[in-house]
Amino acid sequence: MDLAELQVFLAVATERSFSRAATRLHRTQPAVSQAIKRLEEELDERLFDRSSKDGRLTEAGEILLDYAQRLTRLKDEAEGAVRELQDLRRGRVLIGANEGAVHVLLPVIQRFRRDHPLAQVEVRRVPARQMAREVLSRSLDFGVLTFPPRERGLQSLALAEDELVMLISPAHPLAGRPRITMEELGRQTVIAHNEASPARERVLRLYEQRHTSINIQIGLPSLDGIKRAVEMGLGVALLPQRCARTEIARGQLAAVKVPQLRLPRQVRLVYRRAGEMSHAATAFLDAARAAAG
């Protein structure tokens with residue numbers, strides 16, 4: 001059943017006249033009559049009582065009228081929804097990141113939401129080893145990594161630079177030191193994230209290469225939990241400095257450099273090299289470029 005023919009039927013049913021419907025639709029009366037005839041032949045039912053002068057609907061016509069109105073409303077809603085996507089009055093951006101990367105993303109999200117307050121942003125916790133696959137399969141619009149992606153189908157944008165520092169309570173005896181050695185850090189009670197990560201593996205490998213150890217005594221499932229434990233004096237933590245900037249500025253935590261363990265890195269926004277992007281994802285990438293610039 002052709003939607004255009006249904007709209008002709010709806011016009012005739014509303015106007016109660018083939019000639020008035022033709023005028024409203026800017027078509028000839030024979031063209032309107034032919035559209036109705038095709039509908040009637042397809043349904044094998046008369047839709048209008050030709051003996052009446054007021055374009056009265058038959059029983060089949062009354063049934064079709066209800067569906068024609070609903071289908072027309074759906075068409076209008078569909079067109080409106082697509083226009084809203086184009087205008088970013090709706091739409092969603094899906095991003096994969098770990099906890100530490102969220103702090104780098106927040107300024108980009110702030111810029112994007114300032115310009116497009118009705119678009120949604122959802123950041124999902126995704127391990128680094130899965131990120132490329134999720135972005136390439138279109139499960140995510142973007143991923144955040146601390147290394148350039150190897151996959152040919154991906155490209156990346158550097159958002160910010162970061163490095164690992166030892167976070168300690170301001171009351172800790174080492175709080176006044178500008179830097180310490182990795183051996184000194186290793187002798188502290190260390191609080192670490194209990195989820196594996198490339199950064200953690202690199203740190204452990206460096207300790208193995210130096211034939212020394214790091215005293216990880218407490219494992220916690222979140223960065224906020226780790227920072228709070230450090231504030232309470234339960235131990236120290238080796239974390240990206242960016243994720244504790246607020247607490248350092250407020251004097252809740254102190255940062256001490258460990259030169260051998262700095263592991264400077266660029267935090268990168270990763271996205272597909274080819275293929276269509278949604279309007280929302282395109283706008284988010286524009287916001288990321290502006291923030292990085």
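A: Helices (H or I, at least four residues) and strands (E, at least two) are DSSP runs, numbered from the N terminus. Axes are lines fitted to C-alpha atoms, for helices over the stretch in contact, and angles run from 0 to 180 degrees between N-to-C directions. This is a predicted model: local features need pLDDT of at least 70, side-chain atom pairs count only at pLDDT 80 or more, and totals for chains, interfaces and linings use all residues. Residues are numbered from 1 along each chain as its sequence is written, and side-chain values use heavy atoms, with hydrogens and water left out.

Q: Start with helix 1 and helix 2. At what angle do they cross?
A: Roughly 125 degrees, for helix 1 (residues 3-15) and helix 2 (residues 18-25), with the axes coming within 8 Å. That makes helix 1 oblique to helix 2. Under 35 degrees counts as roughly parallel, over 145 as roughly antiparallel, 65 to 115 as roughly perpendicular and the rest as oblique.

Q: Which residues make the contact?
A: Helix 1 gives Val8, Ala11, Val12, Thr14 and Glu15. Helix 2 gives Phe18, Arg20, Ala21, Arg24 and Leu25. Contact means heavy atoms within 4.5 Å.

Q: What classes are they?
A: Six nonpolar, one polar and three charged residues. Ala, Val, Leu, Ile, Met, Phe, Trp, Tyr, Cys and Pro count as nonpolar, Asp, Glu, Lys and Arg as charged, and the others, Gly among them, as polar.

Q: How many bridges join strand 1 and strand 2?
A: Six, and strand 1 (residues 92-97) pairs with strand 2 in the parallel sense. Two strands pair if DSSP finds at least two bridges between them. Arg92 has Gln120 of strand 2 as its bridge partner.

Q: And strand 3, what does it pair with?
A: Strand 1, in the parallel sense over two bridges. Ile95 is bridged to Phe142 in strand 3. Strand 3 also runs antiparallel to strand 10, joined by three bridges. There, Val144 has Leu269 of strand 10 as its partner.

Q: Are the faces of strand 3 covered or open?
A: Both are covered. Phe142 and Val144 on one side are buried, as are Gly143 and Leu145 on the other. Buried means under 20% relative accessible area, exposed over 50%, partly exposed in between (1.4 Å probe, protein chains only).

Q: How do helix 5 and helix 11 cross?
A: At roughly 120 degrees, with the axes of helix 5 (residues 99-115) and helix 11 coming within 9 Å. The two helices are therefore oblique to each other. The helix 5 side of the contact includes Leu105 and Phe112, and the helix 11 side includes Phe284 and Ala291. By class, eleven are nonpolar, none polar and one charged.

Q: Last one: is Ala274 buried or exposed?
A: Exposed, because its relative accessibility is 57%. Ala274 lies in the loop between strand 10 (265-272) and helix 11 (279-292).
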